[in-house]
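Biologist: I would like to learn how to read a model like this one. Can we go through it step by step?

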Number of protein chains: 4
Amino acid sequence: MPSNEPGARDDAYDFSHRIRVRFSETDAMGIVHHSRYLPYFEETRVEYLRELDHPYDEMRAQGIDMAVIEAGVRYKVPLRFDDLVDVHVRMGEVARASFRMDYLLRVGDQVVATGFTRHACISPDGRPTRMPAWLRELCLRPADGS
Amino acid sequence: MPSNEPGARDDAYDFSHRIRVRFSETDAMGIVHHSRYLPYFEETRVEYLRELDHPYDEMRAQGIDMAVIEAGVRYKVPLRFDDLVDVHVRMGEVARASFRMDYLLRVGDQVVATGFTRHACISPDGRPTRMPAWLRELCLRPADGS
Amino acid sequence: MPSNEPGARDDAYDFSHRIRVRFSETDAMGIVHHSRYLPYFEETRVEYLRELDHPYDEMRAQGIDMAVIEAGVRYKVPLRFDDLVDVHVRMGEVARASFRMDYLLRVGDQVVATGFTRHACISPDGRPTRMPAWLRELCLRPADGS
Amino acid sequence: MPSNEPGARDDAYDFSHRIRVRFSETDAMGIVHHSRYLPYFEETRVEYLRELDHPYDEMRAQGIDMAVIEAGVRYKVPLRFDDLVDVHVRMGEVARASFRMDYLLRVGDQVVATGFTRHACISPDGRPTRMPAWLRELCLRPADGS
């Protein structure tokens, strides 16, 4: 499967987080504004890190920020006010200084969007820094957990 | 006129700044979401400080932040995508440790909203700090500039 | 107690809803941007209406929108990324064509903000319309439920 | 040059629009939040359509909406509060039912980000509709205008 096209099977994802669409996130087309998906990805990323016992807060306190260096979204079915969205996330490919995370959004059984973010670890002054060992290991782990 | 009810005459305001409504600021009612007026106030405040030769950036570099401690808005006529909004601003009453700014929004000749923000000067660690002399003087200046 | 100063005791509130602060809601002062409290109020309002068996979605489908005609916030203690905020809400005073809702925000035991919104019921074409009977009754109910 | 990597030379772009970064668009890392670039793209798109004498407002009144079906951003240099950003835009490749727009963001001489959006024309009920003739022609026009 090409690396920019995360699979639609959610058993290939490590974690999922449910988000209720806010009215303030809709636009005059009556649907969620396309820029609002990136904060959904971010909220899910934060919950995933908490689940992994490496809360983002703690990473930041230790002087590591996960800067977003690239992001992409494919919008398949519009989201509407009050929808309950399940955001699935998994670690994607890791390079020397960056790693990717992949997202799949479902409302009930329907896949409504996919996306990814690519991150670099940086220090508080904005300089690239080493990825923590646990993060590198997580990225290199086979997706099926075997 | 009571202090919480800024006048609708815009000659009582010191400065105005024009903002074009973005599509991303609308909501599913087809109008600008009510939370989006506060960034309009803020953008206008920033331009007003620049006009006064005390850019906000410079204030922050000197260790003074203008924390928002209270805000209010009265929504009279909805704003829509692509509207050109003139945001008028003036300094309001000053207390020992805080000051108010008043706003009036017009689209063409029509008053569409009024509002205010109340600010305290704080240091980078979040502690209250003295208001700069120029700011205190500005607040105490008669509104008509005479 | 004056009507614009909601009490800090949360037993005077009807309902509360917990919100986790998103990173995307913070600003360069390291705290939640002041405009972001209004979507917190709105999310809580929506959950409160659902709890009352009058979901907002359904109201809108029946041709009634609750336009925001006034809003105010008092910011007491800054909110930070990842804070868990309990937003308490209660119905405030009702006038012929509008009603108020009051909010109290706590993080743990600490009151961090209070606020209110005033609403008018409008039809899909934006004209004022009658408040539904259940809503009028709710507003007129004594706050202590007795 | 691969189609997902818009060139950094801004003479290859048709139009540019200047945006001042708002304080409300920054986050606790002290930089513009990555989700805020998409509204910058959108604002520029709207100004570009106005320049082409096909204002978006008018398109919507004629029953055509330009739904965003895909978007991507590469973040190269962080944007900060008060930065003046020049957003360059050009039409990208056109398919049967969709077209792409490419963006390049500069602050002064420095390229700070690139991105794209892919759009489908839809009717008010959300169904795919024909692309207007002027839009198809615009997409097929050689980039150098010859």
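Biologist: Is A:Ala120 buried or exposed?

Modeller: Keep in mind that this is a predicted model. Buried means under 20% relative accessible area. A:Ala120 has 13%, so A:Ala120 is buried.

Biologist: Where in chain A is the place of A:Ala120?

Modeller: In strand β5. That strand covers residues 110–122.

Biologist: Which residues does A:Ala120 touch, not counting those up to four places away in sequence?

Modeller: A:Asp65, A:Met66, A:Ala67, A:Ile69 and A:Ala97. As for spacing, A:Arg141 lies 21 residues from A:Ala120 along the chain. Their C-alpha atoms are separated by 19 Å.

Biologist: Now the chains. How are two copies of a chain related?

Modeller: By a rotation about an axis and a shift along it. Take chains C and B. A rotation of 180 degrees, with 0.0 Å of shift along its axis, superposes chain C on chain B. The RMSD is 0.0 Å. That is the relation of a two-fold axis. The same surface serves both copies, as 100% of the contact residues of chain C recur in chain B.

Biologist: Which residue of chain C comes closest to the rotation axis?

Modeller: C:Gly72, with its C-alpha at 2.1 Å.

Biologist: Why do we say that the copies A and D meet through the same surface?

Modeller: Because 100% of the interface residues of chain A are also interface residues in chain D.

Notes: Residues numbered from 1 in each chain as written. Chains lettered and ligands numbered in written order. Predicted model: local features only at pLDDT ≥ 70, side-chain atom pairs only at ≥ 80, totals over all residues. Heavy atoms only, no water. Helix = DSSP H or I, 4+ residues; strand = E, 2+ residues; numbered from the N terminus. Buried < 20%, exposed > 50% of the residue type's maximum accessible area, 1.4 Å probe, protein only. Contact = heavy atoms within 4.5 Å. Least-squares fit on C-alpha atoms with pLDDT ≥ 70 in both.
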